[in-house]
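Here are some exercises to work through with the structure in view. Try each task yourself before you read its solution.

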Amino acid sequence: MRHFVLLSLLVLVLAGCLPASIDPPPLMTGMAFVPTVIARLATPASLQASTEEMTKGLQIYRAQYCGVCHQLSAAQTTGQFGPSHDGMARTAQNRLLDPRYSGRAATPDEYLAESILKPEAYVVDGYEVSSHHMPSYAHLPGEQIDALVYLLAHQR
Ligand code: HEC
């Protein structure tokens, strides 16, 4: 009986660690739930998908030589011709708040996509007279743009 109580407590503690989207177990269902909890904690599907998207983003970032002009620690690049991509999640939010912002994006993801597809929509302060302008990557397939946006949107 004591084991059962301890196990039930364990289940409740584990359930507390789960994202809200996963239904909590009905109280006292006991051991049957434990393996499911452990399996989900080990490889949550959402985490797996996001790691794949991040890896894909990094591959494309490297293949397109973005790092020749941009610094991005995650990709081990140190380019200086454009703004740093470290902390890009916050930077994208700040660009949208800039009174000089001249593009059409409403969200950080849209800002990132716009910067990659239509860089002339808004040129970051200080880079107007650069001799290494940001080229458009509108020729890349949409899913590659999505992966780049995902990568940059997750740089904190
Ligand atoms: C030839 C140099 C060069 C290359 C290569 C380059 N960029 Fe840029 N990038 C720039 C410059 C310069 C700017 C700043 C001017 C501007 O806003 O257009 C910039 C701006 C950006 C911005 C906006 C940054 C900010 O701080 O708001 C993003 C996002 C971006 N680049 C993504 C990329 C991605 C992704 C690649 C590769 C697919 C890439 N860049 C390749 C030069 C480059």
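**Exercise 1.** In this predicted model, find which residues of the largest nonpolar core touch the most other members.

*Solution.* Finally, the largest share, five residues, comes from α6.

**Exercise 2.** Take L112 and list what it touches, leaving out residues up to four places away in sequence.

*Solution.* With those neighbours set aside, L112 touches A92, V149, L152 and A153.

**Exercise 3.** Check whether the length of helix α6 fits its number of residues.

*Solution.* Helix α6 covers residues 142-153, twelve residues in total. The expected span is 1.5 Å times one less than the number of residues, so α6 should span 16 Å. Its end C-alpha atoms are 16 Å apart, which agrees.

Now turn to burial. The buried residues of α6 are A147, L148, V149, L151 and L152. Their cover includes α3 (45-63), α4 (88-97) and α5 (108-117).

**Exercise 4.** Describe the shell around the ligand: which residues come nearest, and which classes are present?

*Solution.* First, the shell holds 26 residues, of which C66, C69, G82, P83 and M134 come nearest. Second, sort by class: 17 are nonpolar, eight polar and one charged. Third, ask about helices: α4, α5 and α6 each supply at least two residues, and the largest share, three residues, comes from α5.

Definitions and conventions. Residues numbered from 1 in each chain as written. Predicted model: local features only at pLDDT ≥ 70, side-chain atom pairs only at ≥ 80, totals over all residues. Helix = DSSP H or I, 4+ residues; strand = E, 2+ residues; numbered from the N terminus. Buried ≥ 20, exposed ≤ 12 C-beta atoms within 10 Å, placed from the backbone. Contact = placed C-beta atoms within 7 Å. Near = placed C-beta within 6 Å. Nonpolar A, V, L, I, M, F, W, Y, C, P; charged D, E, K, R; others polar. Core = buried A, V, L, I, M, F, W, Y, C linked by C-beta atoms within 7 Å.
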